[in-house]
Structures are given as C-alpha cells and as structure tokens.
Amino acid sequence: MADIHDFPDLKNDLIIRAAWGQPTEKVPVWIMRQAGRYLPEFQEFRKKHSFFEICRTPSFACEVTLQPLRRFDLDAAIIFSDILVIPQALGMEVEMRPGVGPVLPEPLKEPHDLAKLAYPCDVQQQLGYVFEAITLTRRTLDGKVPLIGFAGAPWTLMGYMVDGGGSKTMSLSKGWIYKWPEESHKLLKILTDVIVEYLVGQIRAGAQLLQVFESNAEYLGPKQFSTFALPYLKEIKFRVNQKAQEQNLPKVPMILFAKGSCSVLGAIASAGYEVISVDWTIAPKTARESVSSNTSLQGNLDPCALKANPAEIRNMVLEMVQNFGTQKYVANLGHGIYPDINPDNVAVFVNSVHEVSEKLNQNSRISA
C-alpha cells in the first residue's frame with residue numbers, strides 16, 4: 001500500500017478547493033465516464049483487452065485513466081474501474097457483453113441466495129488491483145490534477161445483483177424491498193460494509209476525492225428512498241470519515257451523485273457529503289435552494305447537449321455557469337458521457353467552462 005506522504009505535489013487543486021467550498025478563480029470541470037468509450041484511443045485499446053482485464057491490470061487502468069487528460073484541459077482524473085467490482089468481490093460473476101452492458105448471469109433471486117455471497121469479504125485481497133491502479137495513476141499524474149476514486153451505492157449495486165444487469169424498471173430488486181424488506185436491509189448492510197472498506201482503501205492508495213454513485217435513485221419513491229437508500233448513504237459518509245481519521249489518512253471531500261433525485265434532493269443534502277452532483281432534470285436554482293450554503297454542487301449539462309454545434313454548447317455552458325454561480329461549483333454532465341459523442345465537442349465544453357467562469361469572476365471583481 002502506498003505511503004500517502006510520498007506523492008508528487010499537486011499543481012492544480014481547483015476541484016479540491018471547490019469541493020471544500022473555498023474560493024476558485026475559475027470553475028473546475030471533469031466528466032463522468034471521461035475515461036472510456038467515446039475516445040478513439042480507448043476503442044483501440046479495447047480491441048486488445050477485455051473490459052475487466054483493463055480494470056484488473058493496474059498499468060492498463062492507469063493508461064486509460066490518463067487518455068482524456070492528454071486531450072482535454074480537465075481538472076481531475078477518475079480511476080478507470082466499474083461499480084460492479086464489488087459484486088465480483090462478493091463472489092458474483094459479472095460479464096460485460098457488447099451492445100448489452102453488464103450482465104450478472106446468476107442474480108440473487110430469493111433471500112436464501114444471500115448465503116452464496118462471499119461475505120465477510122477481504123477487500124484488500126479481492127480489490128487490491130484497484131488500489132494498485134490508484135497508486136500507480138496518482139504517481140504517474142505527477143500532481144497534474146487530483147485523482148478521483150469511486151464506488152456504487154448499496155441500493156444501486158443491489159439493483160444489479162438482483163435484476164441481473166441494467167433494467168428500465170428495477171422491478172425485481174424493488175420487489176425485494178416490498179416482499180422481503182428485512183432481507184433487503186441485510187443485503188444493503190453487507191454492501192455498505194464492503195463499500196466503506198473499499199473507499200477507505202482508495203484513500204490509503206492515493207485517491208484525493210471520492211464519488212458515490214447512486215445511479216438507480218430514480219427508481220425509488222421518496223418513502224422507499226428514505227428507507228432503503230438514504231440511511232446507507234449517510235452511514236457510508238460517516239464511517240469513511242471516521243475510519244480515515246482513525247487510520248491517520250487525509251480527509252478527502254466526497255461527492256454524492258443520485259440520478260433522478262429531484263424529489264429527494266433536500267434529503268440527499270442531509271447525508272453530509274461535501275458535494276452533491278445533480279442531473280439535467282434539476283434546475284440549478286432549485287438545487288441551490290435544496291442544499292445548505294456549505295454544500296458545493298456538481299453538474300449538470302445533459303450529455304446529449306454535446307451533440308449540439310460548438311456555438312450552442314458555449315451558450316449552454318454560459319447559462320449553466322451563470323445559474324449555478326462560479327463558486328462552490330464543479331462543472332460536469334448530468335450523467336456519464338455517451339459513446340457517440342464527438343471528442344471535439346468535449347473540448348469545446350471543457351474550454352468553455354474555464355473561459356466563461358474566469359470571465360464572470362473577473363467581471364464580478366470589477367463591479368465590486
């Protein structure tokens with residue numbers, strides 16, 4: 001495991017300052033799924049290596065993580081991995097099928113299937129390859145930008161583990177919480193324990209920010225979200241902070257992204273994360289009013305907006321930054337970037353965020 005004091009000095013701390021709510025001269029920007037499928041160089045790399053081979057080989061994961069940094073003026077790198085490495089660590093098979101996405105061939109069908117999970121789980125042994133990739137990437141970045149680590153949230157992982165992959169309804173996993181609420185909580189608790197150890201291990205390995213993906217939040221109503229998602233999100237935040245402090249690790253800002261969470265945004269803000277990431281269905285003004293003044297926001301351009309012409313992308317960026325404000329804000333998309341996006345338009349988006357926000361800050365100082 002890395003010595004956390006033995007990393008190159010950070011040259012661009014823009015996103016770290018924004019996450020902690022400190023002043024920034026311009027808005028930092030990165031893109032969910034920025035390392036991956038829309039890049040020609042990644043597509044070439046994938047011709048030689050399978051998806052999970054890249055995830056499990058630290059040098060490959062490092063290379064793919066760095067690819068977008070060579071093209072774009074991004075303010076953060078995010079380690080190339082997948083939220084489903086946790087079900088794998090618990091003994092479940094996960095396949096990445098072309099044109100389909102992730103598939104778990106033997107999902108959890110009934111509560112007695114919980115006995116099949118390899119729990120307790122030795123996170124260091126099962127997911128050490130991710131930690132190695134983080135350490136290698138942190139050193140290879142040489143302080144250019146911070147490195148983000150991440151994990152899927154318990155409810156989101158449960159959805160994949162029960163439904164056997166992505167779903168338009170998550171009806172099987174939702175069926176669990178209605179038919180077998182006690183066993184559902186048991187599964188969610190197992191996942192929470194593993195996620196906490198996994199995120200703390202990422203800090204120890206060198207991650208400078210952490211993001212928790214509650215990508216399936218939109219499938220739960222407010223009551224179900226407050227029962228089967230929110231308590232575990234709060235627990236993750238509290239326990240990661242607590243364990244990091246006990247182990248004398250750096251305190252890193254944490255980002256929570258709960259897709260489709262308009263109706264529960266105020267509740268999400270109560271979970272204690274430094275940054276709340278919002279999708280494109282939430283107006284910036286609504287988001288600001290729903291979180292405390294100490295909370296930073298991230299988001300929220302519609303990924304499809306990157307299909308517009310460059311001038312329109314610039315206009316949308318200007319409107320977005322004006323509405324969120326240039327402080328306590330990290331620009332991003334409202335979800336992961338789509339595979340058919342032109343990388344040239346990504347450059348327009350990234351550069352426009354910097355140019356627009358820097359100009360707005362300058363104008364603000366002049367008028368003051």
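Modeller: We will take the cysteines, then the pockets. This is a predicted model, where local features need pLDDT of at least 70 and side-chain atom pairs count only at pLDDT 80 or more, while totals for chains, interfaces and linings use all residues. Residues are numbered from 1 along each chain as its sequence is written, and side-chain values use heavy atoms, leaving out hydrogens and water.

Biologist: How many disulfides are there?

Modeller: A disulfide is a covalent bond between the sulfur atoms of two cysteines. Counted as pairs of cysteine sulfur atoms within 2.5 Å, the number here is 0. The sulfur of Cys-55 has its closest cysteine sulfur in Cys-62, 14 Å away, which is too far for a bond. Cys-121 is in no disulfide either, as the nearest cysteine sulfur, that of Cys-55, is 16 Å away.

Biologist: Is Cys-55 buried or exposed?

Modeller: Buried means under 20% relative accessible area, exposed over 50%, and partly exposed in between (1.4 Å probe, protein chains only). Cys-55 is buried at 1%, and Cys-121 is buried at 16%.

Biologist: Which residues are closest to the centre of the largest pocket?

Modeller: A pocket is an open set of points on a 1 Å grid over the protein atoms alone, with protein on both sides within 12 Å along at least five of seven lines; lining residues have an atom within 4 Å of a point. The largest pocket holds about 1200 Å³, volume being the space filled by probe spheres set on the points, which are joined across faces, edges and corners. Of its 41 lining residues, Arg-33, Arg-37, Asp-82, Pro-102 and Tyr-160 are the closest to its centre.

Terms used: 1 Å grid on protein atoms, 1.4 Å probe; cavity = no way out; pocket = protein on both sides within 12 Å on 5 of 7 lines; lining within 4 Å.
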